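Hello,

Here is the structure I promised to hand over to you. Have a look through it, and then read on for what turned up.

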Amino acid sequence: MTAADILPGTDTDLLLLCDHASAWVPDDIAIPPHLLSLHVGVDIGAGPLTRALSARLDAPAILGTVSRLVIDLHRQSDHTGLVPAVSDGHAIPANVGADRADRIARFHAPYHRAIRDQVRRDRPRLIVAIHSFTPQLETGGGPRPWEAGILYGRDDRAARIAIDYLRAQGIPTGDQQPYSGRILNATLDRHAEGQGIPSLSVEVRNDLIADPAGVARWCAILADMIAAVRNGLALERASAQ
């Protein structure tokens, strides 16, 4: 199993990413199997949605190939939650005292190296990360009312266009919800914002993309949203010249 699943595409001005696409666990790490179909084990629907978008837009995509319960690819290598001992109230005994350096070398480092190499080669004009979120955490907090959330770091050029677009379509959209990209934006901070490339992270509520019909609907929505973002960024670049 390679650390990254790389999908080809001729439109290299766009790069799609999906950190939590997979529920795969290697045989030598004992993660409770019943957790792997839950949101703590995989971003439900995010992988199929990313694949559908890649095909529709003919854009390259890079997807993680290991469960976030083995190692969270969307965390910095020194983050306390990189190898979670507990996730939304579920204990992960195999991660207590785990060899973090080994997991980084096997999964985290090669995944991010694949993204780095792709970005260096193609120098995309926009990077979009696809995630999903659970309608309600098991450990507290009320129901999450949004259908989608747009997360971003300091660079909000792409995110502002995306938020305005989705809200104009009547889609309940969270601005830095259900959490803030200023706190959780590791992959884009490293590979997009760190390189001066506009980017955004899309979080879709996972019950909306849990089946093929939902994936198809949201693929169409996000394809149009990405087109709006790219057009808006192009206008901004033209006006700045």
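Thr 134 touches His 39, Arg 144 and Asn 206, leaving aside residues up to four places away in sequence; a contact here means heavy atoms within 4.5 Å. Thr 134 sits in the loop between strand 6 and strand 7. Helices (H or I, at least four residues) and strands (E, at least two) are DSSP runs, numbered from the N terminus. With a relative accessibility of 10%, Thr 134 counts as buried. The cut-offs are these: buried is under 20% relative accessible area, exposed is over 50%, and partly exposed is in between (1.4 Å probe, protein chains only).

Before going further, please keep in mind that this is a predicted model, where local features need pLDDT of at least 70, side-chain atom pairs count only at pLDDT 80 or more, and totals for chains, interfaces and linings use all residues. Residues are numbered from 1 along each chain as its sequence is written, and side-chain values use heavy atoms, with hydrogens and water left out.

Now to the sheet. Strands of a sheet pair through backbone hydrogen bonds, either parallel or antiparallel. In this model, seven strands form an open sheet in the order 1-3-2-6-9-7-8, and the pairing is mixed. Two strands count as paired if DSSP finds at least two bridges between them. At the edges are strand 1 (4-7) and strand 8 (173-175), each of which pairs on one side only. From one strand to the next, the twist averages 20 degrees. Strand 6 (residues 126-133) and strand 9 (residues 199-205) run parallel and are joined by seven bridges. Within this pair, Ile 127 stands opposite Ser 199 of strand 9.

Helix 3 (residues 157-168) lies across strand 6, strand 7 (148-151), strand 8 and strand 9, and runs at about 150 degrees to strand 8. For such angles, axes are lines fitted to C-alpha atoms, for helices over the stretch in contact, and the angles run from 0 to 180 degrees between N-to-C directions.

What about the interior? The largest nonpolar core has 39 residues, and Leu 49, Ile 150, Leu 200, Trp 218, Leu 222 and Met 225 have the most contacts inside it. Such a core is a set of buried Ala, Val, Leu, Ile, Met, Phe, Trp, Tyr and Cys residues joined through side-chain atoms within 4.5 Å. Helix 5 gives the most to this core, with 10 residues. Leu 222 touches Leu 49, Leu 53, Ile 130, Val 202 and Val 204, again not counting residues up to four places away in sequence. Another core, of 29 residues, lies apart from it and has Ala 4, Ile 115, Ala 129 and Ala 192 among its members.

How many aromatic pairs are there? The count comes to one, where ring centres of Phe, Tyr and Trp (its six-membered ring) must lie within 6.5 Å, and planes under 30 degrees apart are stacked, over 60 edge-to-face and the rest tilted. Trp 24 and Phe 107 make up this edge-to-face pair, at 6.4 Å centre to centre with 70 degrees between the planes. Trp 24 is partly exposed at 30% relative accessibility, whereas Phe 107 is buried at 7%.

Finally, the cysteines: a search of the whole structure finds zero disulfides, a disulfide being a pair of cysteine sulfur atoms within 2.5 Å. For Cys 18, the nearest cysteine sulfur is that of Cys 219, 13 Å away. Cys 18 is buried at 0% relative accessibility, and Cys 219 is buried at 5%.

Best wishes
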